[in-house]
Amino acid sequence: MAVPSEKAVPREKTVLSEQILEAAGKCPEGFLLAAKQFLALGKRDAVDQALRRLAARGKLVKITRGRYALPVCSRFGTRPPAPEAVMGWLNQEGVQQLVSSGAAAANALGLTTQMPVQQIYLSRSRSQKRYVFGKQQVTIRTAAAWNFLLADRPAGQAIRALTWLGPDQALAVLPKLRTVLPPKEWEALLSVSAELPLWLAELLSEQDQGPLEVRG
């Protein structure tokens, strides 16, 4: 079905769309928009329709059901907001805590050169969701509580990276990890070892008893 031209849309609906775009333009990249934020401008049905029309025209990007974001315009063209920016705003909303996957954490720490094929974030929520950024999708998956220890600190990244690597690979990279992490982060990692899977706690205990390599 063809999208109606602006001339075919009643003036009051056009004004509502313009007001929504004006408000969205004041938001930082990745900020998620929902109908409830614009109820002062019109009735819920009208706002919902305006958001859908704006998305159909490419003025907004539909990220997930009922949530939209402003696309980013640059000299290279127009793109959806960066997934990291959207996930950051979702964390600030406090609805659910999101952290990067073990594969992404391992790559960020230099423990693997393997790049995740699909972007995955971990959540405490039981519901699995997908967010769409143009041709790219981000999946939210439920994860065990220890994935959220120390959150996005380097020590927290280390926890998720090591558990993703598994016992054998984790054992191989632990000496490197110990030199990569700042001393305070290594100490923080050890401080929560009792809350980690048993195999990982034992590996950390064994590594902590060995000599620390001097940083270059």
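Biologist: In the protein chain, what share of contacts between residues at least 6 apart in sequence join residues at least 24 apart?
Modeller: That share is 57%. Keep in mind that this is a predicted model.
Biologist: Thanks! How many helices and strands are there in the protein chain?
Modeller: The protein chain has 7 helices and 8 strands.
Biologist: And what percentage of the residues are buried?
Modeller: Of the 216 residues in the protein chain, 39% are buried. The accessible surface of the chain is about 12600 Å², with 54% of that belonging to carbon and sulfur atoms.
Biologist: Which way do E5 and E6 run, parallel or antiparallel?
Modeller: They run antiparallel: strand E5 (residues 98-100) is joined to E6 by 3 bridges. Val99 has Leu122 in E6 as its bridge partner.
Biologist: And what about E6 and E8, parallel or antiparallel?
Modeller: E6 pairs with strand E8 (residues 136-142) in the parallel sense, over 5 bridges. There, Gln119 stands opposite Val138 in E8.
Biologist: Changing topic, where does Gln19 lie?
Modeller: Gln19 is in helix H1, which spans residues 11-24. Its relative accessibility is 31%, so Gln19 counts as partly exposed.
Biologist: What separation do the C-alpha atoms of Gln19 and Phe38 have?
Modeller: Those C-alpha atoms are 9.0 Å apart, while Gln19 and Phe38 are 19 residues apart along the chain.

Notes. Residues numbered from 1 in each chain as written. Predicted model: local features only at pLDDT ≥ 70, side-chain atom pairs only at ≥ 80, totals over all residues. Heavy atoms only, no water. Pairing = 2+ DSSP bridges. Helix = DSSP H or I, 4+ residues; strand = E, 2+ residues; numbered from the N terminus. Buried < 20%, exposed > 50% of the residue type's maximum accessible area, 1.4 Å probe, protein only. Contact = heavy atoms within 4.5 Å. Areas by Shrake-Rupley, 256 points an atom, 1.4 Å probe, with all protein chains shown as cover.
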